[in-house]
Amino acid sequence: MRGIPGVTRTPRPLLGTLVGVTALLTAGALATPASAAPRPDTATGVSSVPADAQRQAREFWTPERMRAATPLDLVTVDGHHDGGSAPLKGIATKVAPTAPAGDVAGAVGAVGKAVSDVGLMAFPNGGGQWSGGGAVVSTAGRVFFTYQGRTASCSGNAVTSSNKSTVITAGHCVKLEGAWHTDWVFVPGYHDGQAPYGRWTASKTLSTPQWTASEDINYDVGAAVVAPLDGKLLTDVVGGQGLAFNTGYNLRMYSFGFPAAAPYDGEKFIYCSGTTNRDFLLSDDHGMNCNMTGGASGGPWFTQFDEATGKGLLSSVNSFKYNFLPNRMYGPYFGADAQNLYQTAQTS
């Protein structure tokens, strides 16, 4: 990993004994897994989900089970933070947001008026409920799955994609401690146990090669390809946010998620905002002041975010915090490997 001029780095083995790193995963009440184990392909970092398991997962996640996904302690990821190399850089690339099928220009105008009536949201902001409306309230949602025999939750976001079925989240929201999660569903626009746009089951879950092989925190990026629901494709229903890769550090960014550990309960859509900087401790991640807690993992970080429309370019995801910095969030740099993951997912 690269050195930083003017900064003396503590040797990683020693530093690992001095600090704890926690991934923002929220696990909940004990539950009987509904589906058969996924079929992982460790060589490609893709886990396929049989059709019968998809159906069972959709039925498994009732409103009661979604509400009951109460958080346990944050999962320790010590030892998952040193892959020995910074994320590979590539050519700066941007993908534009897309509107739901049949969307009309007047809907955007109505959203803009609603925002102007409420006023601009605070920037920077270390954590507060999003009341601005816009596309983000339908593209973002909660992710539910079974992890080690327990129900669990993360966050995720629908993005522009060739298959109109791609969700971006954190790597540990699809695979953790060597095992792929089961019963995986995405619930865009979640609130109070309700799924206003339906429960979208994963036909495949994917992660970067580095997270798949060794769960390296620098590459904590995951994706899911969700199956059609009632004959419709995900982004035709909720729209898709844009993406940006290889765009550097020190950026104005907005972060969103559904934190479920105290003081949050998973029922509120929370945002943070600020100018990020590069982590100089154990990772090459972006850092932002943010008090979100477990359950926010995988929620989107946007650059070029427009509060009036709720649209932006997804450029990272909520990933981890240091125990001694509870109000600072970190998200992986979207370099070449994150871009390759996106390409694999959108063409699956």
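**Reading a predicted fold**

Modeller: Let's start with one link: that of Cys272 and Cys290 is right-handed, with 65° about the S-S bond. Cys272 belongs to strand 18 (residues 270-275) and Cys290 to the loop between strand 20 (286-289) and strand 21 (300-306), so the pair joins parts 18 residues apart in sequence. Strands (E, at least two residues) and helices (H or I, at least four) are DSSP runs, numbered from the N terminus.

Colleague: Before going on, what kind of model is this?

Modeller: It is a predicted model, where local features need pLDDT of at least 70 and side-chain atom pairs count only at pLDDT 80 or more, while totals for chains, interfaces and linings use all residues. Residues are numbered from 1 along each chain as its sequence is written, and side-chain values use heavy atoms, leaving out hydrogens and water.

Colleague: What is the mean pLDDT of the chain?

Modeller: pLDDT is the predictor's confidence in each residue, from 0 to 100. Here the chain averages 83, and 79% of its residues reach 70 or more. Over residues 1-18 pLDDT stays under 50, and the model has 25 contacts (heavy atoms within 4.5 Å) beyond four places in sequence for them. Residues 72-77 likewise stay under 50, with 20 such contacts.

Colleague: Back to the cysteines: how many disulfides does a search of the whole structure find?

Modeller: In general, a disulfide is a covalent bond between the sulfur atoms of two cysteines. In practice we take pairs of cysteine sulfur atoms within 2.5 Å. The search finds two. In one of them, the sulfur atoms of Cys272 and Cys290 are 2.1 Å apart. In the other, those of Cys154 and Cys173 are 2.2 Å apart. The torsion about the S-S bond of Cys154 and Cys173 is about -80°, so this disulfide is left-handed. Cys154 sits in strand 9 (residues 150-158) and Cys173 in the loop between strand 10 (166-169) and strand 11 (175-176), so parts 19 residues apart in sequence are tied together. Counting the bonded cysteines in sequence order, the pairing reads 1-2, 3-4.

Colleague: Are Cys154 and Cys173 buried or exposed?

Modeller: With a 1.4 Å probe and protein chains only, buried means under 20% relative accessible area, exposed over 50%, and partly exposed in between. Cys154 and Cys173 are both buried, and both Cys272 and Cys290 are buried too. For the chain of 348 residues, 56% count as buried.

Colleague: Now the sheet. In what order do the seven strands of the open sheet run?

Modeller: Strands count as paired if DSSP finds at least two bridges between them. The order is 6-16-22-21-17-18-7, with mixed pairing. Strand 6 (93-95) and strand 7 (125-129) are at the edges with a single partner strand each, so one side of each has no neighbour in the sheet. On average, neighbouring strands are turned by 30° against each other, direction ignored. Such angles run from 0 to 180 degrees between N-to-C directions, with axes fitted to C-alpha atoms, for helices over the stretch in contact.

Colleague: How many bridges join strand 17 and strand 18?

Modeller: Six, in the antiparallel sense, with Ser255 opposite Cys272 in strand 18. Strand 17 and strand 21 are antiparallel over two bridges, where Tyr254 stands opposite Phe302. Five of the six residues of strand 17 are buried, so the rest of the structure largely encloses it.

Colleague: And where is Ala262 found?

Modeller: Ala262 is in the loop between strand 17 (252-257) and strand 18. Its relative accessibility is 67%, so it counts as exposed. Its C-alpha atom is 8.4 Å from that of Gly294, 32 residues apart along the chain.

Colleague: What happens between strand 6 and strand 16?

Modeller: Strand 6 and strand 16 (residues 242-245) pair in the antiparallel sense over three bridges, and Thr93 has Phe245 as its bridge partner. Helix 8 (residues 336-346) packs on the sheet there, touching both strands, with its direction at about 145° to that of strand 16.

Colleague: How many residues of helix 8 are buried?

Modeller: Eight of the 11, so helix 8 is largely enclosed by the rest of the structure. Among them are Leu341 and Tyr342. The buried residues pack against several elements, including strand 14 (200-207) and helix 6 (209-214).
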